[in-house]
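Have the sequence and the model side by side.

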Amino acid sequence: MTARADKQAGAALITAILLVALMSSLALAIASGMRLSLRQAANMDVRDQAHWYGLGARDYAEVLLLRALDDSSEAFRPDAGWLNTPRVFPIDGGEITGEIRDAHNCFNPNALVTADAQGRLATNPDQQRQFERLLTQTGIAAGQAIQIAAATADWVDSDLRPVTSGAEDEVYLRDQRTYRTGNTYLSEVEELRAVAGVTADAYLRVAPLICAFPGAHPLALNINTLRLDQAPLMVAALNGALTRAEAETVLLQRPAAGYADIEAFWATDSMRALELDSAERPEIGVTSRYFEIEITVQYAGIRYALREQVQVSGGRQVTRVTQRHGIFL
């Protein structure tokens, strides 16, 4: 009886030890799960806070833009306070940076096509050549520039017939890519990286000079707010009639208050020397109605970015055209 009791006691002890080990494992798993849940909840709180900081900064930037445009004599000076001047605001645990840019001073790849009454998109050869010139002005070789401009036009237009040097579906399928041409407007400039011929280097060169506005319409450059580093846009618009150095000289010679009207610009010695009649003059203006607002929030170890394109109407009303935002760790 004693040996049997000892065996039963030993079995009970082993069972108790196993139960304790099992309960310990369960307790550890529950504690780990709770820690993970708490960490996820904290991260969500941080992300939500960064998001609301970004929305508040966006609204504030829109108000600042409207205030800046109230005074027409000061709004579009080359040295206007709102123009390309990042503003930094400290916050608890980080900072907010906001910047407003003139969205007229960029090339819209969606203007490489024209839309008919049925909404079909056909290639616009004039804009295609302008895009080629812009690409070469950034240092991209002429052959590659021709390929990129043609392939981008094919990417946007509705048909599946490639233009000369262009690329439609068969090119991407032959290269074993997992996508076809968009056959519609670009929704964001980053989409250009998917176009045949656009290498990482080519994209980095041209990206600061392009924008993806919905619709097949080019925006007139604003000669008053065009920056020196945006001179390639002017060279491309003028069909290469000026070199980049000459275009930069034109920008440096602008009146401090900018041109009162576009005729004053065309009346300058540099422009008269080009001998362009009214039909040959590209779309260039002295005011703008489209703008880009970019907000960056650095908060608690994450970065929240928001970018929007807005239209300001004559009644000083802001209409949001596009908006993108996201969290970056």
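Leu19, Leu22, Met23, Leu26 and Ile30 form a nonpolar surface patch with about 510 Å² of accessible area together. Areas are Shrake-Rupley values with a 1.4 Å probe, and for residues only the protein chains shown count as cover. Patch members have over 30% relative accessible area and no salt bridge, and nonpolar side chains are joined within 5 Å. A salt bridge puts a side-chain nitrogen of Lys or Arg within 4 Å of a carboxyl oxygen of Asp or Glu. Leu26 sits in helix α1 (residues 2-70). Helices are DSSP runs of H or I, at least four residues, and strands are E runs of at least two, numbered from the N terminus. Leu26 is partly exposed because its relative accessibility is 43%; buried means under 20%, exposed over 50%, partly exposed in between.

This is a predicted model: local features need pLDDT of at least 70, side-chain atom pairs pLDDT 80 or more, while totals for chains, interfaces and linings use all residues. Numbering starts from 1 along each chain as its sequence is written, and side-chain values use heavy atoms, without hydrogens and water.

Now take helix α4 (residues 142-156). Its buried residues include Ile148, Trp155 and Val156. They pack against β3 (113-115), β4 (121-123), α3 (125-137), α5 (169-174) and α6 (200-206), with contact meaning heavy atoms within 4.5 Å.

Two loops remain. Asn183 is in the loop between α5 and α6. Its phi is positive, about 55°, although Asn183 is not a glycine. Glu275 lies between α10 (269-272) and β6 (284-285), also with a positive phi, near 55°. Glu275 is exposed, at 67% relative accessible area.

How values were computed
Buried < 20%, exposed > 50% of the residue type's maximum accessible area, 1.4 Å probe, protein only. Patch = residues over 30% accessible without salt bridge, like charges linked within 9 Å, V, L, I, M, F, W, Y side chains within 5 Å.
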